[in-house]
Amino acid sequence: MHQSTIILAIESSCDDTSVAVIKDGKVLSNVIQSQLIHQMHGGVIPESASRLHIKYIVDVTIQALDKAGIEKRQLNAIAYTHSPGLIGSLLVGACFAKGMAQTLEIPLIAVNHIQAHVLSNLIESPKPDFPFLCLTVSGGHTQIVLCKSAYEMEIIGETIDDAAGEAFDKAAKMLGIEYPGGPLIDKYAQEGNANAYKFNKPKVEGLDFSFSGLKTNILYFLREQEKNNPNFIKENLNDICASIQHTITDILIDKLVMAYKQLRIKNVCIAGGVSANSSIRKKIQSSGEKYGWQVFIPKMEYCTDNAAMIAIVAHYKYLVKDFSNLETTVSARTL
Ligand code: KG4
Ligand code: ZN
């Protein structure tokens, strides 16, 4: 008789406490508790984030089990994010996962957060065939990943400074928009003219990205405009947001097209919080039509940080018995 595999997965790398339950590769629950306190401070405060993970993790775990209709004794493994992320936040999830696995006497599975963003494309059908290209764009990462199988990934391009999400958030801060600014820039941009202002695109070799020059460019542009008109931002917010969003979109998609031209891989995916951006989603679809790509975009709840994506990686790791032990450490950088 076929024995089901049920895994509980924990994600706590930044400011979302999330727990998911997956059965034979099918997500049964994905509970996400966002920590809203960081909005007040204009960015994530690491110390507050770890304390809030401690506060939420038990309740979020109970909710995830309840929603899935699963009891602890039915679990076959516990998975958690071990890197990259905020060290204190990661430690909370890791210690909790280790405690659960040890108490229940079941295997422990350590998962890389970025690999999980990429494989979030395998949570729901239709799924991309291997190999596929994935543009991973989040608050901390900007990468083009060549995904050869669920176990074999190669980063073929990445940012040499800021991440795409940081570019959105830092631009938003200059415009007086609250953190995280990405979603609000997206909202204001809907009413704006994307060609109103021109910002410089970086000249970076190969498939790598850079966003720090754009940040400086935007800062100097705003300072200059405000000299002549102190209300410049207020009066032109929609056009400024649309122009910034247009520039970031072009920087990202230009490199993705370059990767396609080099490798001729037609399955193209996008992952990470910034993939919620409407302009990026539109442009990847239109590029897909132009180049004959099959484009995959995960459901919104699987784009931003969530435990379902940790669970899908754990599902594949369980199949090959890739387990970790209590000595496995967490790391701010990719392990
Ligand atoms: O993947 P994610 O939830 O967390 C990290 O692992 O970083 O990504 C968060 C980032 C933030 O920078 C946020 O501003 C950005 O995703 N973001 C957006 C949008 N929604 C979220 N950026 C642009 N447009 C959006 N609609
Ligand atoms: Zn993330």
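The legends below describe close-up views of a predicted model.

In this predicted model, local features need pLDDT of at least 70 and side-chain atom pairs count only at pLDDT 80 or more, while totals for chains, interfaces and linings use all residues. Residues are numbered from 1 along each chain as its sequence is written, chains are lettered from A and ligands numbered from 1 in the order in which they are written, and side-chain values use heavy atoms, with hydrogens and water left out.

View 1. Helix α1 covers residues 46–68; helices (H or I, at least four residues) and strands (E, at least two) are DSSP runs, numbered from the N terminus. Just after α1, G69 has a positive phi of about 70°.

**View 2. The buried residues of α1.** Buried means under 20% relative accessible area, exposed over 50%, and partly exposed in between (1.4 Å probe, protein chains only). The buried residues of α1 include L52, H53, I57, V60 and L65. The buried residues of this helix pack against strands β1 (6–11), β2 (16–23) and β3 (26–34) and against helix α2 (87–104), where contact means heavy atoms within 4.5 Å.

**View 3. Aromatic pairs.** The structure holds eleven aromatic pairs. Rings of Phe, Tyr and Trp (its six-membered ring) pair if their centres lie within 6.5 Å; planes under 30 degrees apart count as stacked, over 60 as edge-to-face and the rest as tilted. F199 and F221 pair edge-to-face, at 5.2 Å centre to centre and 85° between the planes. F199 lies in the loop between α5 (182–189) and α6 (212–228), and F221, 22 residues apart from it, lies in α6. F199 is buried at 7% relative accessible area, and F221 is buried at 15%. Y197, F199, F221 and F232 form one aromatic cluster. Y291 and W293 are stacked, at 5.7 Å and 20°.

**View 4. Surroundings of ligand 1.** Ligand 1 is surrounded by 19 residues, of which G139, D169, D186, G273 and N277 are the closest; a residue is near if one of its heavy atoms lies within 4 Å. A polar side-chain atom of D305 is 3.1 Å from an oxygen atom of ligand 1. Polar backbone atoms of G165 and G140 lie 3.3 Å and 3.4 Å from an oxygen atom of the ligand.

Notes: Expected span 1.5 Å × (residues − 1). Polar contact = N/O pair within 3.5 Å; in protein donor to acceptor, adjacent residues only side chain to side chain.
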